[in-house]
Amino acid sequence: MYNSATGNDAIHMLAKNGYNYMRVEMLKTDNEPLESEYSHFFVDDESTEYNLTISGFTGLYDCMTNKIHNAADANGMKFTTFDVDNDQWNRNCADHCQSGWWFHSCTCGNLNGLFGSEKTASVMRWMCADEWICPLKATRILLHRNKIT
């Protein structure tokens, strides 16, 4: 059984204590950097299945709000795992993408995915301007009380 409680509990505690600005830094497999920022980020506790509230996107590459594509809208989603299917797809996105995440319909981001350069659902990926799926070789999520400079 997959247990995401430890990591999501830590994220919840950071957000609960005012760390509500999020920046996602990524490195594509061709070494091109990508970045997305969100001015409001909050993960609720386990009783809500770690419901995500996120908004205020700035940047070019959004996989958390519906600024670019409705299938990317993770706002209001509960965390999906192999054994708890909370996404909107007709199958379990965690099973399809081989990771847990705030999936809407499995199509946009998968920062907990597997390492690889293929353009498949299971690799660590994010949506890019030049193509729908950009495989990633590195990711970092920063939470801060204010905009990160």
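In this predicted model, Trp101 has a relative accessible area of 5%, and because residues under 20% count as buried, Trp101 is buried.

A pair of aromatic rings is described by the distance of the centres and the angle of the planes. A search of the whole structure finds three aromatic pairs. One of them is formed by Phe79 and Trp102, whose rings lie 4.9 Å apart from centre to centre with 80 degrees between the planes, an edge-to-face arrangement. This pair links distant parts of the chain, since Phe79 sits in the loop between strand E3 (52–59) and helix H2 (93–97), whereas Trp102 belongs to the loop between H2 and strand E4 (125–126), 23 residues apart. Both Phe79 and Trp102 are buried. The rings of Trp101 and Trp102 have centres 5.4 Å apart, and their planes stand at 70 degrees; angles over 60 degrees count as edge-to-face, so this pair is edge-to-face. Taken together, Phe79, Trp101 and Trp102 are linked by ring pairs into a cluster.

The loop between H2 and E4 also holds Asn110. Is Asn110 buried or exposed? Its relative accessibility is 0%, and therefore Asn110 counts as buried. Leaving aside residues up to four places away in sequence, Asn110 touches Cys97, Ser99, Phe103, Ala121, Ser122, Val123, Met124 and Arg125.

Note on methods: Residues numbered from 1 in each chain as written. Predicted model: local features only at pLDDT ≥ 70, side-chain atom pairs only at ≥ 80, totals over all residues. Heavy atoms only, no water. Phe/Tyr/Trp six-rings, centres within 6.5 Å; stacked < 30°, edge-to-face > 60°. Helix = DSSP H or I, 4+ residues; strand = E, 2+ residues; numbered from the N terminus. Buried < 20%, exposed > 50% of the residue type's maximum accessible area, 1.4 Å probe, protein only. Contact = heavy atoms within 4.5 Å.
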